Amino acid sequence: MKPLKAKAADLILPARLRALLPRLPLFAGLTVKELDRILKEVDWFSLPGGWTLMRRGQEEDSLYVVTAGQLGLFLPGADGRDEMAGQLGPGDTVGEISVLSGSPRTATLIALRDTELLRMSHEAFERIAARHPTILRNLAGLVAGRLRRIMEGRRDPREGHMRARTIAILRLQRDLPHADVADALATALSRGGRSVVVLDKADRAADTEWFHNLESENEHVLYLGSLDDEGWTRLCLRQADRVILIGFPDPPPPDLMQIEQLLYRGPRRYTELVLLHPPTAPRGQGAAAWVKRLAPDFHHNLRIGNAADLGRLARHVAGRAVGLVLAGGGARGFAHLGVIKALKEEGLVFDLVGGTSMGAIIGAGVAADWSYDELEQRLRRSFIETNPLDDYTVPLISFVRGRKVVKLLQDNFGDSLIEESWLPYFCVSSNLSQGRETVHRTGPVWQALRASVAIPGVLPPVVREGEILVDGAVMENFPVGIMADMARGPVIGIDLEAHHVFASQLTAWKKGPPWGVLGDTMKGGPDIVSLLMRAGTVNSEAQTIRNHARADLVLAPPVDKIGIRAWRAFDKAIETGYEYTQKALETADLSPFRI
């Protein structure tokens, strides 16, 4: 397939393209007659999947508009190699800064599938802008919006992996009923009033224009691929914005050379893995081996026949998955339970979870799909019936041995792996060796949690591959940014540090003998363990402001009167979180979370 060389006005443009132009932000406010004049100045061409539109650093000052298909935006990663940082679809513009300033391209753009674009050269742009100043105003608005999002720390929605309109669904085992899964997924997607269509190999004879029209007329198009029909599967992949692989976790991954050749020949598409488990499975066993073998961008564990699991997958596909982020805070973290209870009573659901320290522990229970009652009972048994921080030792590294904490985590999470969670999950620890946070997305749940709660000086640090990990709150107590960067949908954040949280009943420490200080402590002054816990979890006000800006809804129950180690305040913390949330939801805008 070769790019078209003719001007758009010299071609017979499809009706879908002429209908699309007035809806594009760049052409907003222009009449049909003005758009027809503009078409005389631009090129309309097709870029085959896998072809490069532009490279980072390239001196090229044209402006492009995507009219069909999908482009991948690639930037250098930590290792210097290009990584996909986002996707651009119909209606998105490319090259605004370059056409205005003449500066080199800042990213590499590759067609992830067959893609159609309008190209406006720099000279053509100047002529069009002189005749139609509205174009210049619209372009300035697009640039200003992007700069504002950058300054506010928010991700540009067009540079996320959220929007998947065309999806190729491929089964990993030949006897897997992926058509049934696709039909159920289509039904779940259509519940929000979206139009969804499912195509299979019976539609292979249709021409390209038929597929483009179908995609422009529907919110989602699902292409069912099959390993026994490689020609049709290749067509599915060429049309797909996203690939979903569906398989059974048992037996372990076979030789997947055929599927890997199909997937990784040409442009790297955003790929998600869906594993189907028995209806009564306690967790998604076997998922880790598949994740390691296929290295998908995201994966899901679904229980066969479970409507809640299928609905969650549909929200992920539609870019409407609700992320829940839980901050750390010691015993104050019990307030998370009250907030979660109130949110569930309001009818909200959670589709992925992340947290730090105590928030990580509670989040792991949510990701394991424990009921509210089970979650509360487990926490009550672990923190009220026993004190996990009373196995003191000679304070060479820490005041506490940490054996009781390990037993607590192992008793509750056993040998389960993060990859086996029913809800996608992550938790955060602080890497003192590298001076940055570590995000745990794989491996034993209890080990990740042990690192996330390792308060410096209170609990021994965790050493992993020669690196020292401590409580995640040291560097990122409220990891909303990590969740937002996943770009799966709206984010709810529960923060425990929004109020003044650390104070003494005393105005100053007395001067005098050591027993005087001990007396002050007994009268309300903070003890050394509480001091260490607070010192190890304090975050800057600027960081708090940035984190709040990344969430769609922030709930901050007033838990400042509950001590960090006040385990016995369990019920009070829950009640505080519950009552606060009930009142907050009366005026909150919950429309982003209504699916």
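Two strands pair if DSSP finds at least two bridges between them; strands (E, at least two residues) and helices (H or I, at least four) are DSSP runs numbered from the N terminus. The model is predicted: local features need pLDDT of at least 70, side-chain atom pairs count only at pLDDT 80 or more, and totals for chains, interfaces and linings use all residues. Residues are numbered from 1 along each chain as its sequence is written, and side-chain values use heavy atoms, with hydrogens and water left out.

**Sheet**
- Six strands form an open sheet with parallel pairing, in the order E10-E11-E9-E12-E13-E14.
- Strands E10 (196-199) and E14 (298-303) each have a single partner strand, so one side of each lacks a neighbour in the sheet.
- Strands E9 (residues 166-171) and E11 (residues 220-225) run parallel and are joined by five bridges; Ile 169 has Leu 224 of E11 as its bridge partner.
- Helix H10 (residues 287-294) packs on the sheet, touching E12, E13 and E14 (contact means heavy atoms within 4.5 Å).

**Salt bridges**
- The count is 22 salt bridges, each a side-chain nitrogen of Lys or Arg within 4 Å of a carboxyl oxygen of Asp or Glu.
- Arg 242 and Glu 272 form one, with the closest N and O atoms 2.8 Å apart; Arg 242 lies in strand E12 and Glu 272 in strand E13, 30 residues apart.
- Both Arg 242 and Glu 272 are buried (under 20% relative accessible area; exposed is over 50%, partly exposed in between; 1.4 Å probe, protein chains only).
- A network of salt bridges links Arg 303, Asp 309, Arg 312 and Asp 369.

Note on methods: Axes fitted to C-alpha atoms, helices over the stretch in contact; angles between N-to-C directions.
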